[in-house]
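Open the model in your viewer and keep the selection tool at hand. Each stop below gives something to select and says what is there.

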Amino acid sequence: MATSESPLLLDLYQFTMMAAYLEHEMTAPAVFEFFVRKLPARRGFLMAAGLEQVLDYLEGLRFGEDDLRYLAQTNRFSAGFLDYLAGFRFSGDVDAMPEGAIFFPDEPVICVTAPLPEAQMVETRLVNLLHFQTIVASKAARMVLAAPGKRLVDFGLRRAHGAEAGLLAARAAYLAGFTGTATLLAEQRFGVPAFGTMAHSFIQAHDDEALAFEHFARARPRDLVLLIDTYDTERGARRVVELAPRLARDGIAVRGVRIDSGDLAEHARRVRAILDAGGLSGVQIFASGGLDEDDLSAFTARAVPIDAYGIGTSLTTSSDAPALDCAYKLQEYDGTPRRKRSEGKATWPGRKQVWRRYDAEGVIAGDVVALEAEQVNGRSLLQPVMRGGRRLPGMPTLAEARQRAAGELATLPAALRHLGTAAPAVRISDGLCRLAEACDRRDPLPK
């Protein structure tokens, strides 16, 4: 099992709590929910992502001999507890919003129902997987909205916080509407289209920039994009104009040129003029270099002639909002609703459903978070995805989830489509409010 999938990739307290639960025979069904308490600054919505990896994790969770040997060597746990882990299999149920779904604060994104030790054990990795992909997909969705009709490519692996982060960021961005990624493993693993141009070092390794262009074109003629800003951007564009007819005679077409530095908007206008004057109006301009959604929005507003963007650091680190105030909390145990009442972190108890209403134009009109048994008008967002520890058949592919994400973005009201902050319309049902009050009356003081 790979290190990233080791069952020991959990907080220690998951194991100590499990051991205590088992010692006291607390194995009745428990309901845990993953949700976000509040939106980051300048966010009006979030996009759910990471469910596929969560289900993979739950289905494959096993303790090998090396894991058990290590735990025994720590002298923290009894032989009986280690025997329990040796036969561990997740046996619970999962209901979830599908990947690509738009959601808002206080809405359960995933609901796990399982024997208490099992539901408790999976907390750390489940939050880890959902949090990261959700925050990257949400960031990518903002960029898709900021640059309508433009091709967006993930360039962020080298600045990502680790290999898994870079790989899953490519997946999350594609889910949200990016065209592809520079990360080749994401193409092999997930089917995300891979794109690549050239580095400045390729140009610098040659004594002549035009010769570098020609060498690269003849070695890699398919989907040819030439990097033109190593020395002088406009001069590089003119060299492409001079080279293109000679390449065309050999059946090689220049698809695009890439600009990675300087005033991208001004360079793009000048390069567009040079290419058009040289008969290369079909050659696209690809821009990269420290871009985020604010840049894309400004370029869109100014009608800058850039056809595609490579986005790196700001995407894979979600640099303006790198973390969500999210949680995985117990909402019911052994048939009794449970409610956390910590100051600023109180939870809504019980099993829930999220209902969404739309206006006559198909735009989101508001959500209601309600008890599972309540009847509410609208479309239910939580769907069964796993029963008895096995995922249900017919789960969406990544391509289908990507289509869903595009459809979800199309339902956003105008106030949530721009890059500022707008208050989402989420209501807590009367029944859920009454249940919370009943829980407070039942437990007037912490025990």
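Predicted model: local features only at pLDDT ≥ 70, side-chain atom pairs only at ≥ 80, totals over all residues.

**Stop 1: ring pairs**

How many aromatic pairs does a search of the whole structure find? The search returns 10 aromatic pairs. Begin with Phe77 and Phe81, whose rings form a tilted pair. Their centres are 5.2 Å apart, with 40° between the planes. Check the accessibility of both residues. Phe77 has 12% relative accessibility, so it counts as buried. Phe81 is at 4% relative accessibility and therefore also counts as buried.

Now select Phe202 and Phe216. Is this pair stacked or edge-to-face? Planes over 60 degrees apart count as edge-to-face. The planes of Phe202 and Phe216 are at 75°, so the pair is edge-to-face, with ring centres 5.4 Å apart. Colour by helix next. Phe202 sits in helix H9 (residues 200-204) and Phe216 in helix H10 (residues 209-219). The two residues are 14 residues apart, and their pair links distant parts of the chain. Phe216 is buried, with a relative accessible area of 12%. Phe202, at 29% relative accessibility, counts as partly exposed.

**Stop 2: the ring cluster**

Select Phe15, Phe63, Phe77, Phe81, Tyr84 and Phe88 together. Ring pairs link these residues into a cluster. Phe77 and Phe81, the tilted pair from the previous stop, belong to it.

**Stop 3: arginines over rings**

Show Arg171 and Phe190. Arg171 lies over the face of Phe190, 5.8 Å from the ring centre. Then show Arg402 and Tyr174. Here Arg402 lies over the face of Tyr174, at 4.2 Å from the ring centre.

**Stop 4: H6 against H7**

Two packed helices are described by the angle between their axes and the distance between the axes. Select helix H6 (residues 123-146) and helix H7 (residues 163-176). Their axes come within 8 Å and cross at roughly 50°. That angle makes H6 oblique to H7. What is the handedness of the crossing of H6 and H7? The crossing is right-handed.

On the H6 side, the contacting residues include Arg125, Asn128, Leu129, Phe132 and Gln133. Val136, Ala137, Ala140, Ala141 and Val144 of H6 also take part. From H7 come Glu164, Ala165, Leu168, Ala169, Arg171, Ala172, Ala173 and Ala176. Arg171 is the residue already seen over the face of Phe190.

**Stop 5: Glu52**

Go to Glu52 in helix H2 (residues 51-60). Its relative accessible area is 28%, so Glu52 is partly exposed. Which residues does Glu52 touch, not counting residues up to four places away in sequence? Glu52 touches Glu99, Arg171 and Arg391. Now draw a C-alpha to C-alpha distance from Glu52 to Asn128, one of the H6 residues that meet H7. The distance is 13 Å, across 76 residues in sequence.

**Stop 6: positive phi in two loops**

Most residues other than glycine have a negative phi. Two residues here go the other way. Select Glu25, in the loop between helix H1 (12-23) and strand E1 (29-38). Glu25 is not a glycine, yet has a positive phi of about 55°. At 69% relative accessibility, Glu25 counts as exposed.

Finish with Asn75, in the loop between helix H3 (65-73) and helix H4 (79-86). Phi of Asn75 is positive too, near 60°. Asn75 is at 68% relative accessibility and so counts as exposed.

Technical notes: Residues numbered from 1 in each chain as written. Heavy atoms only, no water. Phe/Tyr/Trp six-rings, centres within 6.5 Å; stacked < 30°, edge-to-face > 60°. Buried < 20%, exposed > 50% of the residue type's maximum accessible area, 1.4 Å probe, protein only. Helix = DSSP H or I, 4+ residues; strand = E, 2+ residues; numbered from the N terminus. Lys NZ or Arg CZ within 6 Å of the ring centre and 35° of its normal. Axes fitted to C-alpha atoms, helices over the stretch in contact; angles between N-to-C directions. Parallel < 35°, antiparallel > 145°, perpendicular 65-115°, else oblique. Left-handed = near helix turned anticlockwise from the far one by under 90°. Contact = heavy atoms within 4.5 Å.
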